[in-house]
Amino acid sequence: MNYRHAFHAGNFADCMKHALLAWLVRALQRKPTPFAVLDTHAGIGRYDLAAPDAERTGEWRAGVGRLLDIQDGPLADYVALVRAAGAPASYPGSPALVRALLRPSDRLACSELHSEDHAALRALFRGDPQVAVHHRDGWAALKALTPFPEKRGLVLVDPPFEKEGEFDRLAAGIALVAHRFRAGVQACWYPVKHRAPVRAFHAALKASGVRDLVAAEIWLREPTDPQRLNGCGLLVANPPYRFEQEGGTILAALLARLGTREAGEGWAITRIAEE
Ligand SMILES: C[S@@+](CC[C@H](N)C(=O)[O-])C[C@H]1O[C@@H](n2cnc3c(N)ncnc32)[C@H](O)[C@@H]1O
């Protein structure tokens, strides 16, 4: 396990994932009944942006660093949550962002396999009765911790994509959860380096027969260099009402701030499978 998210926290891919994640959790809050969130690849939960890891890449400066003055519009809620969590000194990972959105009756379960990262995450939430932190494989957690007793909620799957076969594992995980936990919303992040593996991923999802799938994608440039993170996507299964419209306004606002003006930049929300 070589991937360390501390180098990348707050970059454009985190902004995309977390702005849509905040919208999805807000959508769960529309009903008063309790919900749960499972974050299968959770990271350390909070990132020090002045630490050597973050400074070495400086990725956050081209990401959340360009958003922090936003006060209104489609990104206002996400940016306010990030500021409230301490930006620009620190940046909230997905567990901290979700935690900030839980009501007293809701809960969060996280799994993180890296021993040091797991220890940091556990320390962050020590004594918090609404958050459980597991030291276990995220793919195993998908099976062990779904469906939720609350019968509603969100599963976030955000693997590091450092091993071969991650797109296949992701497609299989989406099908597994769709089968076990029909009412659950799933949000699954993936890199867009080159189009071919993304097309194959979408084709595998279509072939799986899972219903109601939408892919939100943003590209900073033409995705033709397989060595570079040219864009990223969030595959949403069972999207809440108006995700396609409001997710689109979030992506457009992100690109207006974070875009490179290079050829091929853009965004799309594409329906992969009908309801
Ligand atoms: C992209 S980062 C997660 C970032 C986090 N979701 C966020 O948005 O703040 C991926 C994380 O998965 C962890 N990881 C890698 N393989 C794993 C596995 N099989 N199960 C659980 N966690 C894993 C890595 O240590 C890393 O912290």
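This is a predicted model: local features need pLDDT of at least 70, side-chain atom pairs count only at pLDDT 80 or more; totals for chains, interfaces and linings use all residues.
Local features are reported only at pLDDT of at least 70, and side-chain atom pairs count only at pLDDT 80 or more, while totals for chains, interfaces and linings use all residues. Residues are numbered from 1 along each chain as its sequence is written.

The largest nonpolar core contains 81 residues. A nonpolar core is a set of buried Ala, Val, Leu, Ile, Met, Phe, Trp, Tyr and Cys residues joined through C-beta atoms within 7 Å. A residue is buried if 20 or more other C-beta atoms lie within 10 Å of its own, exposed if 12 or fewer, and partly exposed in between, with C-beta atoms placed from the backbone. Met-16, Ala-19, Leu-20, Ile-174 and Ala-187 touch the most other members. Helix 1 gives the most to this core, with 12 residues. Helices (H or I, at least four residues) and strands (E, at least two) are DSSP runs, numbered from the N terminus. In soluble globular proteins, nonpolar side chains tend to be buried together. Leaving aside neighbours within four places in sequence, Met-16 is in contact with Ile-218, Cys-232, Leu-234 and Leu-254. Two residues are in contact if their C-beta atoms, placed from the backbone, lie within 7 Å.

Helix 1 (residues 12–28) also packs against helix 3 (residues 76–84). The angle is about 105°, and the axes are 9 Å apart. Axes are lines fitted to C-alpha atoms, for helices over the stretch in contact, and angles run from 0 to 180 degrees between N-to-C directions. Helix 1 and helix 3 are therefore roughly perpendicular. Angles of 65 to 115 degrees count as roughly perpendicular, under 35 as roughly parallel, over 145 as roughly antiparallel, and the rest as oblique. Helix 1 contributes His-18, Ala-19, Ala-22 and Arg-26 to the contact, and helix 3 contributes Asp-77, Tyr-78 and Leu-81. By class, this contact has four nonpolar, one polar and two charged residues.

Backbone geometry was examined next. Most residues other than glycine have a negative phi, and most peptide bonds are trans. The bond from Ala-87 to Pro-88 is cis, with omega near 10°. Pro-88 is in the loop between helix 3 and strand 3 (90–92). Thr-146 and Pro-147 are also joined by a cis peptide bond, with omega about -5°. Pro-147 lies in the loop between helix 6 (138–144) and strand 6 (153–157). Asn-238 has a positive phi, near 60°. Asn-238 is buried, because 22 C-beta neighbours lie inside 10 Å. Phi of Arg-261 is likewise positive, near 60°. Arg-261 is exposed, because it has 7 such neighbours.

Arg-211 sits in the loop between helix 8 (195–208) and strand 8 (213–219). Arg-211 is exposed, because 12 other C-beta atoms lie within 10 Å. Beyond neighbours within four places in sequence, Arg-211 is in contact with Ala-273, Glu-274 and Glu-275.

Definitions and conventions
Ala, Val, Leu, Ile, Met, Phe, Trp, Tyr, Cys and Pro count as nonpolar, Asp, Glu, Lys and Arg as charged, and the others, Gly among them, as polar.
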